[in-house]
Amino acid sequence: MKLHDDIHNYYEKLVVEHIVRRKLDKIYDEDVMADFCCTVLNQLPSRYIRYDVDMEFYLPQPERVKMEQAVECAIDFAISQIAKKEQFQV
């Protein structure tokens, strides 16, 4: 078994989906996005899975909504952190 190949944190997928949907990857460069993603993921619990399809099939809708909302809040927090950092760099 190769841990990094066989399992992953499902929140990573959700975060990427939200980043793309909000076009944040078009606003920030790769260096900022790396820090941004770390900030977002550190605000969220871990949810390790082997296969995305299992999570999507077995996850109850209310829990899915709760996870989506948590990702949005974490992204908003990360955006505010970037704004603070940019404010002090000027």
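This is a short walk through one protein chain, from the overall fold down to a few residues.

Okay, ground rules. What you see is a predicted model, with local features needing pLDDT of at least 70 and side-chain atom pairs counting only at pLDDT 80 or more, while totals for chains, interfaces and linings use all residues. Residues are numbered from 1 along each chain as its sequence is written, and side-chain values use heavy atoms, with hydrogens and water left out.

Let's start with the fold. The protein chain has six helices and two strands, and along the sequence they come in the order α-β-α-α-α-β-α-α. The C-alpha trace spans about 45 × 30 × 20 Å along its principal axes.

How much of the chain is buried? Of the 90 residues, 26% count as buried. Buried here means under 20% relative accessible area, exposed means over 50%, and partly exposed is in between, with a 1.4 Å probe and protein chains only. The chain exposes about 6,600 Å², and carbon and sulfur atoms supply 56% of that; the areas come from the Shrake-Rupley method with a 1.4 Å probe, and for residues only the protein chains shown count as cover.

Now contacts, meaning heavy atoms within 4.5 Å. Take those with a separation of 6 or more: 83% of them are between residues 24 or more positions apart.

So who is talking to whom? Start with His18 in helix 2. His18 is buried, at 2% relative accessible area. Beyond its neighbours within four places in sequence, His18 is in contact with Glu68, Val71, Glu72 and Ile75. With Glu72 there is also a polar contact between the side chains, at 2.3 Å. By polar contact I mean a pair of N or O atoms within 3.5 Å; within protein, one must be able to donate a hydrogen and the other to accept it, and residues adjacent in sequence count only if both atoms are side-chain atoms.

Next up, Asn9, which sits in strand 1, residues 8–9. Is Asn9 buried or exposed? Asn9 is buried, with a relative accessible area of 6%. Its side chain reaches the backbone nitrogen of Arg47 at 3.1 Å. Not counting residues up to four places away in sequence, Asn9 touches Pro45, Ser46, Arg47 and Tyr48.

Ser46 from that list is in the loop between helix 4 (30–42) and strand 2 (48–49). Ser46 is partly exposed, at 49%. Its C-alpha atom is separated by 9.1 Å from that of Glu12, 34 residues apart along the chain.

Another loop residue is Lys23, between helix 2 (10–21) and helix 3 (24–27). Lys23 has phi near 55°, a positive value in a residue other than glycine. Lys23 is exposed, with 53% relative accessible area.

Last stop, the aromatics. How many aromatic pairs does a search of the whole structure find? It finds two. For the cut-offs, rings of Phe, Tyr and Trp (its six-membered ring) pair if their centres lie within 6.5 Å; planes under 30 degrees apart are stacked, over 60 edge-to-face, and the rest tilted. Phe57 is exposed at 62%, and Tyr58 is exposed at 61%.

That's the tour, thanks.

Technical notes
Helix = DSSP H or I, 4+ residues; strand = E, 2+ residues; numbered from the N terminus.
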